[in-house]
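Subject: Structure handover

Hello,

I am passing on the structure we spoke about, with some notes on what turned up in it. Please have it open while you read.

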Amino acid sequence: MQNSDLYKQITAGSVAAVFQTTMTYPFEYLKTGLQLQPKGTAFEIILPQIKSYFVGCSALNVAAFGKTILRFVTFDKLCHSLNNNIDNNDNFQRLTGYNLLIAGTLTGIVESLFIIPFENIKTTLIQSAMIDHKKLEKNQPVVNAKATFHNVATKSTPVARIEKLLPAVKHMYETRGPAAFVQGTTATIFRQIANTSIQFTAYTAFKRLLQARNDKASSVITGLATSFTLVAMTQPIDVVKTRMMSQNAKTEYKNTLNCMYRIFVQEGMATFWKGSIFRFMKVGISGGLTFTVYEQASLLLGFSSRS
């Protein structure tokens, strides 16, 4: 791929990513908010807080911009490395399905590692936005208390109320140190691997199932069925990821495995699918928005998005 085309793809991709992130962020807020709450429904806890629906969006927009650059550059380099025909400039077109899956999975892992700090900032901001001002505890977090495998720490960590990006970064560093920005790494990596493999497999399976119908309806059905399968199978990992990124994760859970165990024992199996509806809506809408905006941005930049 020529550098000029790569730069144009990065620009178009960045515009599409930021637009999609902003437009679907209320679903992300509702999903994350539900996952952070041990009890209660969306109508009881989150839906009344309309003014907070875009809290944390700035963190994900910064992440979306950086992630897009990293995605195109990494994927292009991996395609070139996995392409057996070195003389061929179009690395993507000549890749087999297996090599394409490898390139996509590795790119996804690299993306996930990049966005982990921003996901932590987003989670901190959303958690703080859900606090009732009257019930906000004024004392500082207990940073030395640790949870055991079966029990929480003897002293819980109060959740601070922070409303802006830079103050959130400062607070996280001062109260939890650099580790605050890498919480939930294990769960995030496993979720990304699961996302890529399940999405690739499900899409291929549904496409073959509906191959007799060569119309727009079959494409829509394939997309929705793939999104539903993806959310249904990876939602438990997403819930664990969100809990491990919370402000009080250090005093609530010993590690990722302990988080899974405690959720199952104390809150029940259904908790692992909290926020599924909102995540499904986000995933379903995101794809269409991203490709539409990407196509339009590509036309404005004067290159074919299919090249």
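How many aromatic pairs does the structure hold? There are 5 aromatic pairs. Please bear in mind that this is a predicted model. Two of the pairs are described below.

One of them is formed by Y25 and F54. A pair of aromatic rings is described by the distance of the centres and the angle of the planes. For Y25 and F54 the centres are 6.5 Å apart and the planes are at 20° to each other. The pair counts as stacked because the angle between its planes is under 30 degrees. Y25 sits in helix α1, which covers residues 3-36, while F54 sits in the loop between α2 (42-45) and α3 (57-82). The two residues are 29 residues apart, and the pair links distant parts of the chain.

Are these two residues buried or exposed? Y25 has 0% relative accessibility, so Y25 counts as buried. F54 has a relative accessible area of 47% and is therefore partly exposed, since that value falls between 20% and 50%.

The other pair to look at is F72 with Y294, which is also stacked, with 6.4 Å centre to centre and 15° between the planes. F72 belongs to helix α3 and Y294 to helix α11 (residues 276-301), so this pair ties together parts that lie 222 residues apart in sequence. Both F72 and Y294 are buried.

Next, two positions in other helices. I109 is found in helix α5, residues 97-129. Its C-alpha atom is separated by 8.8 Å from that of F190, although I109 and F190 are 81 residues apart along the chain. Once neighbours within four places in sequence are left aside, I109 is in contact with Q192 and I193.

S227 is part of helix α8, residues 216-244. Its relative accessible area is 11%, so S227 is buried. Residues up to four places away in sequence not being counted, S227 touches F280, V283 and G284.

Last, the cysteines. How many disulfides does the structure hold? The number is 0.

Regards

Terms used: Residues numbered from 1 in each chain as written. Predicted model: local features only at pLDDT ≥ 70, side-chain atom pairs only at ≥ 80, totals over all residues. Heavy atoms only, no water. Phe/Tyr/Trp six-rings, centres within 6.5 Å; stacked < 30°, edge-to-face > 60°. Helix = DSSP H or I, 4+ residues; strand = E, 2+ residues; numbered from the N terminus. Buried < 20%, exposed > 50% of the residue type's maximum accessible area, 1.4 Å probe, protein only. Contact = heavy atoms within 4.5 Å. Disulfide = S-S within 2.5 Å.
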